[in-house]
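Please look over the model below before reading my comments. They are meant for someone who has not worked with it before.

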Amino acid sequence: MTTSSTFAIVGGGLAGAKAAEALRDKDFGGHIVLFAAEEHLPYERPPLSKEFLLGKKQFTEFTAASSSWYRDHHVELQLGTEVTAVDPGAHTVSLPDGTTVSYDKLLLATGSTPRRPSIPGADADGVHYLRTIDDAEALNSVLTEGVSLAIIGAGWIGLEVAAGARARGVSVTVVETAEVPLMGALGRETGEVFAAMHREHGVDLRLNATVDEVTTSGGKATGLKLGDGSTIASDAVLVAVGAVANSGLAEQAGLATGHGGVLVDASLRTSDPDIFAVGDIAAAEHPLFGTRIRTEHWANALKQPAVAAAGMLGKPEEYTELPYFFTDQYDLGMEYVGHAPDYDRMVTRGDVAGREFTAFWLDNDNRVLAGMNVNIWEGLDDIKALIRSREPVDPDQLLGA
């Protein structure tokens, strides 16, 4: 591309910032403009439910880059600017003030939005959702010692906030429809580990339970009414029932969508040759697994942009990283790698009850699809090698037998 080319990035999270960085690292000398809907510098989101909630990190410690970096690298950063439309034919993006900006290549990194359940009271004052730094600051302001918090959903966000709130002396009740927390992500056995841990730390965990409404008084949330007619009184409510990919711009532009996001090939190119997509919205073909994978995890936002940047510069690469995520709750640290939506069985090695173990998810040919370390900080590369090999293993060897 020439120095007169313009590359536009839509999305002010970690993925957008890393895309700008990757383009400059790959010696793109043209104009880069990054549109961020929030007024804040692009930042990482995992600390919002972890270190920021615990008071261990301040916002400046998890911004992706300083304002001086964008200035020094000649990246035009338009904060508080939400792109309203994309015109692939004209190669333009439309802005709220009615103006348009032309692009030669476009990267969509629009992230996701918390899912909002259609239950009465879910939009009342005192009901919180967690996605942005503003959301986190609002939640932090109410989580003071002695108050009570009701959380709808025992997924990653719900459980991490529960752990942080308990550390601050907050009374916590978590309501989950499944039989154990994280049932869909990790299965029953591992979900029971998390259930036991939270109960040990004083969380009132209500499983196999549904929420009929958020109870209110004077327009402010006062708790929850459950499907069995029981009620939970609380000073605040957090709704943490998953997220929805922000694929509206892609749909409006006529790009191919599916799998809950924007369809991209292994180089992260969309159905339009001049538009790429990364992060939460990217439903990407994965060369190893032979299927499309879309995950809402930090690792994709961190690593996909370099591959997309290569494609934007006419030197396409393939994104072959294994899906990865981590969590920190109380004294538990966990890392998970791989992709196992249709596993045949799970085997574990180590002390499951003591929360120091490794788990492996296998298909019916005894190939390792995914692995997880809990409070074990070595061996992840070995797990990755097993997954990449696509070779059958002896389960007894995994168990250390």
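1. Basis. This is a predicted model, in which local features need pLDDT of at least 70 and side-chain atom pairs count only at pLDDT 80 or more, while totals for chains, interfaces and linings use all residues. Residues are numbered from 1 along each chain as its sequence is written, and side-chain values use heavy atoms, with hydrogens and water left out.

2. Helix pair. The axes of helix H1 (residues 14-25) and helix H8 (residues 298-312) come within 8 Å and cross at roughly 30°. Helices (H or I, at least four residues) and strands (E, at least two) are DSSP runs, numbered from the N terminus. Axes are lines fitted to C-alpha atoms, for helices over the stretch in contact, with angles from 0 to 180 degrees between N-to-C directions.

3. Residues between the two helices. H1 contributes Leu-14, Ala-15, Lys-18, Ala-19, Ala-22 and Leu-23 to the contact, and H8 contributes Trp-298, Ala-301, Leu-302, Pro-305, Ala-306 and Ala-309. Contact means heavy atoms within 4.5 Å. By class there are 11 nonpolar, no polar and 1 charged residues in the contact of H1 with H8. Ala, Val, Leu, Ile, Met, Phe, Trp, Tyr, Cys and Pro count as nonpolar, Asp, Glu, Lys and Arg as charged, and the others, Gly among them, as polar.

4. Trp-69. Helix H2 (residues 67-72) holds Trp-69. This residue is buried, with a relative accessible area of 17% (buried means under 20%, with a 1.4 Å probe and protein chains only). Leaving aside neighbours within four places in sequence, Trp-69 is in contact with Ala-20, Glu-21 and Val-75.

5. Cavity. The structure holds 1 cavity of 30 Å³ or more, and the largest cavity has a volume of about 80 Å³. A cavity is a set of points on a 1 Å grid over the protein atoms alone where a 1.4 Å probe fits but cannot get out; lining residues have an atom within 4 Å of a point. A volume is the space filled by probe spheres set on the points, which are joined across faces, edges and corners. Strand E21 (282-286) and H8 each give two or more residues to the lining of the largest cavity, and E21 gives the most, with 3 residues.

6. Pocket. About 210 Å³ of space lies in the second largest pocket, a pocket being an open set with protein on both sides within 12 Å along at least five of seven lines. H4 supplies the largest share of its lining, 4 residues.

Technical notes: Buried means under 20% relative accessible area, exposed over 50%, partly exposed in between (1.4 Å probe, protein chains only).
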